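Q: Could you take me through this model, feature by feature, and show me how each one is read?

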Amino acid sequence: MINIERNPWREMVNHAQAAYPNECCGAMIGSVDGDNKTVTCALALDNVSQGSQRARYELRPEDLLRADREARAQKLDLIGIYHSHPDCGAYFSETDLKNSCPWYSFVVLSIQNGKFDHANSWLPNAEQTQAEKEELTWPES
Ligand SMILES: [Zn+2]
């Protein structure tokens, strides 16, 4: 399961709402204890998708490497990637699956009419053919 602490959660929601009606994306950093992941830091990254960003996001690989280095410098792990779905549910799309990495948690935030609505975390399998829902908790308000 994955638990997101108050500060990173607030940053993720603010980032997703500010990017609306476009998708936003970022990295989640924290600690891992067996299957329990705790996100202690969120790092907003640029969506560099060339076409419309309303239903697409793309990270720069070097940004992800930088996030990984930053995490390790703090003796933490890069736990996963978050992105938003403007006016769409927090499901894991075919494109999301195709662009995923099986060793990360993928948190999707659904933003409806500019406001946070709900979120899910997804764990893609190694073949990137399906993603399993991961238990996700975040602080209320
Ligand atoms: Zn998506």
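Q: In which sense do S5 and S6 pair, parallel or antiparallel, and over how many bridges?
A: Strands of a sheet pair through backbone hydrogen bonds, and the pairing is either parallel or antiparallel. In this predicted model, S5 and S6 pair in the antiparallel sense, over 7 bridges, and within that pairing Phe106 stands opposite Trp122 in S6. The two strands form a hairpin with 2 residues between them, and Asn113, which lies in the turn, has a positive phi of about 50°.

Q: How many bridges join S4 to S5, and how do these strands run?
A: S4 and S5 run parallel and are joined by 7 bridges, with Pro86 standing opposite Ile111 in S5. As for burial, 7 of the 8 residues of S5 are buried, so this strand is largely enclosed by the rest of the structure.

Q: What is the order of the strands in the sheet, and which strands stand at the edges?
A: The sheet is open and has 8 strands, in the order S7-S6-S5-S4-S2-S3-S1-S8, with mixed pairing. Strand S7 (131-134) and strand S8 (136-137) stand at the edges, and because each has a single partner strand, one side of each is left without a neighbour in the sheet. The pairing of S1 with S8 is parallel and extends over 2 bridges, and here Ile2 stands opposite Leu136 in S8.

Q: Which residues of H1 are buried, and where around the axis are they?
A: The buried residues of H1 are Pro8, Trp9, Met12, Val13, His15 and Ala16. They cover an arc of only 160° around the axis, which puts them on the same side of H1. The face turned away from that buried side carries the exposed residues Asn7 and Ala18. As to its length, H1 (residues 6-19) has 14 residues and reaches 20 Å from its first C-alpha to its last, close to the 20 Å expected at 1.5 Å a residue.

Q: How many residues has the largest nonpolar core, and which of them have the most contacts inside it?
A: The largest nonpolar core has 21 residues, and those with the most contacts inside it are Leu59, Leu64, Leu78, Ile81, Tyr104 and Phe106. The elements that give two or more residues to this core are S2, S3, H2, S4 and S5. A second, separate core has 17 residues, including Ala16, Ala42, Tyr82 and Ala119.

Q: Is Gly80 buried or exposed, and with which residues is Gly80 in contact?
A: Burial is read from relative accessibility, with under 20% as the cut-off. Gly80, whose place is in strand S4, counts as buried because its relative accessibility is 0%. Apart from neighbours within four places in sequence, Gly80 is in contact with Gly26, Ala27, Met28, Tyr104 and Ser105.

Definitions and conventions: Residues are numbered from 1 along each chain as its sequence is written. This is a predicted model: local features need pLDDT of at least 70, side-chain atom pairs count only at pLDDT 80 or more; totals for chains, interfaces and linings use all residues. Side-chain values use heavy atoms; hydrogens and water are left out. Helices (H or I, at least four residues) and strands (E, at least two) are DSSP runs, numbered from the N terminus. The expected span of a helix is 1.5 Å times one less than its number of residues. Buried means under 20% relative accessible area, exposed over 50%, partly exposed in between (1.4 Å probe, protein chains only). The arc is that of the directions from the helix axis to the C-beta atoms. Two strands pair if DSSP finds at least two bridges between them. A nonpolar core is a set of buried Ala, Val, Leu, Ile, Met, Phe, Trp, Tyr and Cys residues joined through side-chain atoms within 4.5 Å. Contact means heavy atoms within 4.5 Å.
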